[in-house]
Amino acid sequence: MNVMKTASWFLGIILFSTFTTEVTAQTGPTGRIRGTVVDASSGRSIPHATVTGDGSTVGVVTDAAGEFSLPPVPVGRHNIRVTFLGYEPATVREVMVSSARETVLQIAMTESVLRIEDVVVRPRIDKEEPLNPMALAGARMLSIEEASRYAGGMDDPARLATSFAGAAGNVSGNAISIRGNSPQSMQWKLEGVEIPNPNHFPEVTSVGGGVLTAFSSQVLSNSDFFTGAFPAQYGNALSGVFDMQLRNGNNRIWEHAAQIGSLGGEFASEGPFKKEGQGSYLFNYRYSILAPMANALGGDLAEIAGVKYQDLSFKINLPTRRAGTFTLWGIGSIDSLTDPVPTDEEIAESEYLPSYFGSRQYMAAVGLSHRVFFSPNTYLKTTLAATDAENRLEADAVADWSGDWERFIDMTDRNTNLVLDTYINTKLSARHTNRTGLNVTGLFYDDNYNIAPGRSIPTGPIENFVDTSGSSMAATLFSQSTFALADRWTGELGLNVGWFALNRNVTVEPRAALRWRAARSHTLAVA
């Protein structure tokens, strides 16, 4: 029995788990939708925009802060449409409305390009457009609502991403291979900061991925998935980039949800810090019930009694009147995967030297972000973050069937990063938007590998093969601009300059893209 066999049992339980019970307060057959309408390029709010739901000819108008609140609508899926003079209409499709919680949206609108003889207004399907206005090719928005309905997706955005063109995966995990590249070349980002592999049991069933995501659908917002031709803002990635965002908590009412399923229990809470305030919090915790369930039922399920995982994610959003908006966010996960300890009878009957494997993984990322507007069209966003990832593998074997256990593998790998990420975004005109920024990352590592000669069958005392620690630094400077060349043509130019202190290497990468909207539902882009 080894770790891979235990993982296979765990995967089988996941694939055939189909029931989930959600415990929430049911208040009636209707729900509420509210949110904010903003300019896609500058991020500023848009007042006096008209917001309507599907099947309704009566809409509401956003207030001076760009906020809106629709009348109660029936529970189910709805399309929300926003219109405003001088902007392309924006449509958010299949918004799930529940009576148990308020649905809060942020809808971005793109300013139309003016021509002398008229104003050309063309509708957009937001489902296909990335959230980053600088991404013209090789990117699409990944809807969390869509991920929750993807067959066999287990509410995992990474599994949904494998259905996109150019991306591939497998049933054993959520590793993403883009155009034949190794899944290890995939870059994971959270709130604009690169983070360690955010999956439970990373590198166990698949290289570059894990068994299931450490993010709950309760906290994730719509995110961008890049399959190549990144804007200049993204660097240090060879295949793709998954730029994930955490949503803000409800700043009007308190909402709590408890969920229990065959894989684990989950508790989520969100709400304002005080009534009539703008600040909010969002918190989610999950814990696996596989281990206690396996111990209670016994039998073949005992094989997965050593499978344990838990994760925690949160976001605190604190807007101020003059100092901008402060955001504290974080995620952490703990995984444990161990084999059942052989009994004395199993040891005596074993043909080979019995062994016992165990692995533990830890991952954490926490950051403080600040965004402040210098003018209606210019803002500065700065993030200070720290990330940490540790993998540990231990293995014991019985020496000469004596029943005495001896350690023959003890490996620890730890990586810690300190990150400063800042950029200034300026909408110079309806045709031209520029984003220029800097990223500096301090890299720290600590590796210690102790292995007995013979590896799987120890032939001697444990020996140290690697014992090293150190640090380095990487920096990236970028600038990129998008240009609305005409009502159907959009272009982008950018430059990404990277520097790695360890070998003093400098990399200069120019970026360019051109997109032509040939028709309402057809777009051609080259990058």
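**Notebook: strands, salt bridges and a cavity**

I began with Leu 368, which I located in strand β26; strands are DSSP runs of E with at least two residues, helices are runs of H or I with at least four, and both are numbered from the N terminus. I noted that the model is predicted, so that local features need pLDDT of at least 70 and side-chain atom pairs count only at pLDDT 80 or more, while totals for chains, interfaces and linings use all residues. I also noted that residues are numbered from 1 along each chain as its sequence is written, and that side-chain values use heavy atoms, with hydrogens and water left out.

**Entry 1**

Is Leu 368 buried or exposed, or in between? I found that Leu 368 counts as partly exposed, because its relative accessibility is 42%; buried means under 20% relative accessible area, exposed means over 50%, and partly exposed lies in between (1.4 Å probe, protein chains only).

I then looked up the nonpolar surface patch of about 480 Å² to which Leu 368 belongs, together with Phe 273, Leu 318, Phe 326, Leu 328 and Val 366. Strands β25 (325-338) and β26 (355-375) are the elements that give two or more residues to this patch. Patch residues have over 30% relative accessible area and no salt bridge; like charges are joined within 9 Å, and nonpolar side chains (Val, Leu, Ile, Met, Phe, Trp, Tyr) within 5 Å. The areas come from the Shrake-Rupley method with a 1.4 Å probe, and for residues only the protein chains shown count as cover.

**Entry 2: The whole protein**

I counted five helices and 33 strands in the protein. Of its 527 residues, 47% count as buried. The protein exposes about 25,200 Å², and carbon and sulfur atoms supply 57% of that area. I also looked at contacts (heavy atoms within 4.5 Å). Among those between residues at least 6 apart in sequence, 61% join residues at least 24 apart.

**Entry 3: Salt bridges**

Side chains of opposite charge can pair when their charged atoms come close. A salt bridge here is a side-chain nitrogen of Lys or Arg within 4 Å of a carboxyl oxygen of Asp or Glu. How many salt bridges does a search of the whole structure find? I recorded 15.

In one of them, Arg 34 pairs with Glu 102, and the closest N and O atoms are 3.0 Å apart. This pair links distant parts of the chain, since Arg 34 sits in strand β3 (residues 33-39) and Glu 102 in the loop between β9 (90-97) and β10 (103-109), 68 residues apart. Arg 34 counts as buried because its relative accessibility is 6%, and Glu 102 counts as buried at 16%.

I next looked up Asp 39 and Lys 427, whose side chains meet in a salt bridge of 2.6 Å, N to O. Asp 39 lies in strand β3 and Lys 427 in strand β28 (residues 405-427), so this pair also links distant parts of the chain, 388 residues apart. Asp 39 is buried, with a relative accessible area of 1%, and Lys 427 is buried, with 6%.

A further salt bridge joins Arg 407 to Asp 410, with the closest N and O atoms 3.8 Å apart. Salt bridges that share partners join Arg 407 and Asp 410 with Arg 360, Arg 392, Glu 394 and Asp 396 into one network. Arg 407 counts as partly exposed because its relative accessibility is 34%, whereas Asp 410 counts as buried at 16%.

**Entry 4: The cavity**

I found one cavity of 30 Å³ or more, and the largest cavity holds about 50 Å³ of space. The elements that give two or more residues to its lining are α3 (157-161) and β20 (241-246). The residues that line the largest cavity include Asp 156, Trp 188, Phe 215 and Met 244. On a 1 Å grid over the protein atoms alone, a cavity is a set of points where a 1.4 Å probe fits but cannot get out, and lining residues have an atom within 4 Å of a point. Points are joined across faces, edges and corners, and the volume is the space filled by probe spheres set on them.

**Entry 5: Two loop residues**

Where is Ala 214 found? I placed Ala 214 in the loop between β18 and β19 (220-226). Ala 214 counts as buried because its relative accessibility is 0%. Leaving aside neighbours within four places in sequence, Ala 214 is in contact with several residues, among them Pro 198, Arg 286 and Ile 331. Ala 214 and Gly 332 are 118 residues apart in sequence, yet 8.0 Å apart in space, C-alpha to C-alpha.

Glu 203 lies in the loop between β17 (199-200) and β18 (212-213). Glu 203 is partly exposed, with a relative accessible area of 37%. Beyond its neighbours within four places in sequence, I listed Gln 184, Asn 197, Gly 208 and Gly 209 as the contacts of Glu 203.

Definitions and conventions: 1 Å grid on protein atoms, 1.4 Å probe; cavity = no way out; pocket = protein on both sides within 12 Å on 5 of 7 lines; lining within 4 Å.
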